[in-house]
Amino acid sequence: MVPQVVSLHIAAQAAAPMQSLAAVSAVAGRGLDGDRYFHQTGTYSNHPGSGRAVTLIEIEAIEALAREYDVLIAPGLARRNIVTRDLALNHLVGKTFAAGAVVLRGMRLCEPCLHLEKLSAKGAARGLIHRGGLRAEIVSGGVIRVGEAIIVIIVID
């Protein structure tokens with residue numbers, strides 16, 4: 001199967017409910033238009049580190065959370081911007097990939113925290129350890145749409 005974008009989510013402010021979108025504008029050096037990290041009002045905006053522009057999680061991780069830990073959360077409650085299918089996100093650290101026309105660079109894993117659990121469901125943090133997703137930077141902006149293919153770009157140095 002071709003990896004794809006399953007759903008898109010942003011929150012206007014820290015701890016605000018995630019809003020589902022059909023499409024979102026990605027701006028290099030800023031993030032997703034309308035998201036808390038785009039406006040630097042996210043919970044961790046004042047902490048140094050890369051990868052706050054975009055966060056991704058596999059729908060398979062959310063499904064495994066329900067199956068293995070009996071913790072049911074909607075994709076938006078995972079607090080990640082892009083939910084993917086058929087893509088091993090842990091393998092994309094240091095890699096360049098495209099979601100539709102938007103080019104992203106995987107920066108580091110997005111391990112779950114107690115803040116995530118506080119905003120979603122008890123047991124979510126434990127169930128998402130090592131499968132909490134990926135933090136990425138936007139290399140080249142554009143619009144990302146639900147249903148678009150995700151393609152890993154091979155870069156030869």
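Select helix 1 (residues 59-69) and the elements that cover its buried residues, which include strand 1 (4-10), strand 5 (54-58), strand 6 (82-85) and helix 3 (124-127); helices (H or I, at least four residues) and strands (E, at least two) are DSSP runs, numbered from the N terminus. Within helix 1, show I59, A61, I62, A64 and L65, the buried residues, where buried means under 20% relative accessible area with a 1.4 Å probe and protein chains only. An α-helix has 3.6 residues a turn, so residues three or four places apart point the same way. Just after helix 1, stop at D70, which takes a positive phi of about 55°.

This is a predicted model, in which local features need pLDDT of at least 70 and side-chain atom pairs count only at pLDDT 80 or more, while totals for chains, interfaces and linings use all residues. Residues are numbered from 1 along each chain as its sequence is written, and side-chain values use heavy atoms, with hydrogens and water left out.

Next, select the open sheet of eight strands, whose order is 2-1-6-5-9-8-7-11 with mixed pairing; two strands pair if DSSP finds at least two bridges between them. At its edges lie strand 2 (19-21) and strand 11 (150-153), each pairing on one side only. Inside the sheet, strand 5 and strand 6 run parallel and are joined by three bridges, and E58 stands opposite T84 in strand 6.

Finally, move to D35, in the loop between strand 4 (31-32) and strand 5. D35 counts as buried because its relative accessibility is 0%. Leaving aside residues up to four places away in sequence, D35 touches I10, A11 and N81, contact meaning heavy atoms within 4.5 Å.

Terms used:
Buried means under 20% relative accessible area, exposed over 50%, partly exposed in between (1.4 Å probe, protein chains only).
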